[in-house]
Amino acid sequence: MSGQPIRTLSTGYALTSIFVPGDRHIIIGTKAGKLEIYEISSGQLLESVDAHEGPVWSISLSADKRGFVSGSGDSTVKFWEFELVSDEEHAQASKRLSVSHVQTLKLKEEVMCVKYSPNQRLLAVSLLDCTVKIFFADTLKFFLSLYGHKLPVMTLDISSDSNLIITGSADKNIKIWGLDYGDCHKSIFGHDDSIMGVQFVPKTHYFFSVSKDKTLKYWDADKFEQITTLKGHYAEVWCLAVSPNGDHVATGSHDRSLRLWERTEEPLFVEEERELEREREHEESIAQNTERVIPGETEAEAEAVKAGKKTLETVMAAERLMEAIELYKEETLKMNEEGKSRSSHPVLVAYGNVTPVRYVLEVLKKIRSSELEEALIVLPFSVVIEMLTLLNQWLQCGWEVELSCRCLSFLLRIHHGQIVSNRVLVPVIDSLRKHAKSRVHELRDTIGFNLAGLRFIQGEMEARQESFFADATQKVKKIRKKQKSAIVQVVK
């Protein structure tokens with residue numbers, strides 16, 4: 001409740017732990033293969049048992065609370081029972097908790113995770129060979145083998161009704177299986193990195209998963225859909241725990257933090273979550289596409305960029321741009337030779353008798369914003385040189401400053417090495433630097449002045465107690481409320 005530590009225990013290299021029923025003791029499995037029993041109230045180590053020859057990767061408490069099972073890298077699963085023993089060092093009058101080894105299950109591969117089914121009928125064991133073996137808990141006879149993961153299963157959990165088992169693997173997939181026949185109900189590409197923990201919400205088929213991709217995700221195992229993604233950690237998330245009532249989830253991360261997530265009363269709409277997720281993915285993809293090259297690297301690195309998706313539209317846009325630049329070169333050459341007395345080119349007349357420089361800009365403006373960068377990638381370097389000259393003229397005239405600066409920035413990142421090594425372009429680049437800087441400053445000043453003016457007008461209207469902005473806000477809220485109610489009706 002307070003988030004303050006109750007007790008700090010100095011243990012071995014701890015890999016897994018469980019609370020003993022009664023919440024007075026804790027058992028910790030270590031990398032050295034030991035089971036360490038601690039008393040929580042005093043923080044005292046009661047006993048250290050040499051349980052395995054390899055690291056203890058997983059411990060699972062039995063449903064009857066009388067014992068537990070441990071899985072280790074020595075390819076064995078061992079069964080333990082709780083018992084009370086006399087210990088004069090601990091207390092002369094009372095007995096202390098201990099464990100006794102009951103049975104051993106030997107396997108052919110290292111054990112990564114073990115889990116009792118809630119009805120204690122079955123025992124699930126994940127192995128290093130990427131499979132999950134299901135055994136009968138009482139006789140240890142083999143029941144099912146779940147195979148399909150491409151990398152080892154790092155974590156697994158069984159639903160409260162013992163009907164479903166979920167497995168999370170280093171192959172980034174979550175698989176949902178039926179425990180009746182071992183059939184795979186669904187395989188979900190759940191995370192962008194290895195999945196380190198999965199756990200069902202008690203008495204439901206909802207479950208949580210955590211991964212090295214720093215996220216916690218909430219799923220519906222019946223509908224096979226993701227409900228929401230929770231972000232907050234700054235490094236890999238290694239483990240999670242769900243409270244018995246399902247209202248809280250705790251996660252532990254490599255960023256040295258524990259985070260407690262609480263379920264709120266606010267309704268959650270899956271369609272809205274999907275839409276927000278799609279928007280985030282779109283924004284991330286745009287950000288990744290713009291981060292092409294960092295100037296200052298070697299020539300080979302500077303010219304290497306992420307491969308864009310070349311489509312028919314981008315190729316056609318690049319061809320139109322090259323044709324326009326070729327027409328510009330021809331018309332400029334004829335004007336220098338024949339002077340102003342010559343007649344204009346029919347294409348220039350069709351565009352309103354514009355100059356060749358302006359015509360190239362009009363062609364560039366007609367290229368879609370989403371296809372502009374891919375079209376510029378296609379241009380050969382000889383055309384890029386002409387393009388830089390044109391950009392310099394456009395910036396001198398103050399034409400389409402934003403578009404010109406975007407093209408200039410992109411071309412400089414893509415062809416940084418060749419541009420730097422070309423001495424002919426030195427005066428052009430110097431002129432571009434001067435004019436681009438001045439034009440961008442002018443735009444910034446204009447936008448800043450306009451924003452200040454709008455804020456002043458808003459302040460004046462609010463001072464007169466006019467509710468223009470308040471009315472607009474209320475209208476937006478009503479529209480969103482109607483959309484949410486419509487979604488609820490569709491869901492019902």
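Mentor: Let us begin with Asn 173, which is placed in strand S15, a strand made up of residues 173–178. The model is a predicted one, and every value below is computed from it. The relative accessibility of Asn 173 is 18%; buried means under 20%, so Asn 173 counts as buried. Once residues up to four places away in sequence are set aside, Asn 173 touches His 149, Thr 167, Gly 168, Ser 187, Ile 188, Phe 189, Gly 190 and Ile 195.

From this residue we may turn to the chain as a whole. The protein chain has 11 helices and 23 strands. Of its 492 residues, 41% are buried, Asn 173 being one that counts as such. When contacts between residues at least 6 apart in sequence are considered, 45% join residues at least 24 apart. The chain exposes about 29,100 Å², and 52% of that area is supplied by carbon and sulfur atoms.

Aromatic side chains come next. A pair of aromatic rings is described by the distance of the centres and the angle of the planes. Nine aromatic pairs are found when the whole structure is searched. One of them joins Tyr 206 and Tyr 218, a tilted pair with 5.8 Å from centre to centre and 40° between the planes. This pair links distant parts of the chain, since Tyr 206 belongs to strand S18 (residues 206–211) and Tyr 218 to strand S19 (residues 215–220), 12 residues apart. Tyr 206 has a relative accessibility of 33% and therefore counts as partly exposed, whereas Tyr 218, at 18%, counts as buried. In the pair of Tyr 351 and Tyr 359, the ring centres are 5.1 Å apart and the planes stand at 80°, so this pair is edge-to-face. Tyr 351 is partly exposed, with a relative accessible area of 30%, while Tyr 359 is buried, at 10%. Elsewhere, Phe 68, Trp 80 and Phe 82 make up one aromatic cluster.

Arg 121 places its charged end over the ring of Phe 143, 5.6 Å from the ring centre. Arg 358 lies over the face of Trp 399, with 4.8 Å to the centre of that ring.

Nonpolar side chains deserve a paragraph of their own. In soluble globular proteins, nonpolar side chains tend to be buried together. In this model the largest nonpolar core contains 42 residues, and Leu 364, Leu 388, Leu 391 and Trp 394 have the most contacts inside it. Two or more residues of this core come from each of helix H3 (312–338), helix H5 (356–365), helix H6 (369–378), helix H7 (381–397), helix H8 (401–414) and helix H10 (426–463). H7 gives the largest share, nine residues. Leu 388 shows the arrangement in detail: apart from neighbours within four places in sequence, it is in contact with Leu 408, Ile 419, Leu 425, Val 428, Ile 429 and Leu 432.

H3 has 27 residues and spans 39 Å from its first C-alpha to its last, close to the 39 Å expected at 1.5 Å a residue. Its buried residues are Thr 314, Ala 317, Ala 318, Leu 321, Ala 324, Ile 325, Leu 327, Tyr 328 and Glu 331. The cover over these buried residues includes helix H4 (346–350), H5, H6 and H7.

Finally, the backbone contains positive phi angles in residues other than glycine. Phi of Cys 130 is near 75°, and this residue is found in the loop between strand S10 (122–127) and strand S11 (132–136). Cys 130 has a relative accessibility of 13% and so counts as buried. Phi of Phe 224 is near 60°, again a positive value in a residue other than glycine. Phe 224 is found in the loop between S19 and strand S20 (225–231); S19 is the strand that holds Tyr 218. With a relative accessible area of 31%, Phe 224 is partly exposed.

Technical notes. Residues are numbered from 1 along each chain as its sequence is written. This is a predicted model: local features need pLDDT of at least 70, side-chain atom pairs count only at pLDDT 80 or more; totals for chains, interfaces and linings use all residues. Side-chain values use heavy atoms; hydrogens and water are left out. Helices (H or I, at least four residues) and strands (E, at least two) are DSSP runs, numbered from the N terminus. Buried means under 20% relative accessible area, exposed over 50%, partly exposed in between (1.4 Å probe, protein chains only). Contact means heavy atoms within 4.5 Å. Rings of Phe, Tyr and Trp (its six-membered ring) pair if their centres lie within 6.5 Å; planes under 30 degrees apart count as stacked, over 60 as edge-to-face and the rest as tilted. A charge sits over a ring if NZ of Lys or CZ of Arg is within 6 Å of the ring centre and within 35 degrees of the ring normal. A nonpolar core is a set of buried Ala, Val, Leu, Ile, Met, Phe, Trp, Tyr and Cys residues joined through side-chain atoms within 4.5 Å. Accessible areas come from the Shrake-Rupley method with a 1.4 Å probe; for residues, only the protein chains shown count as cover. The expected span of a helix is 1.5 Å times one less than its number of residues.
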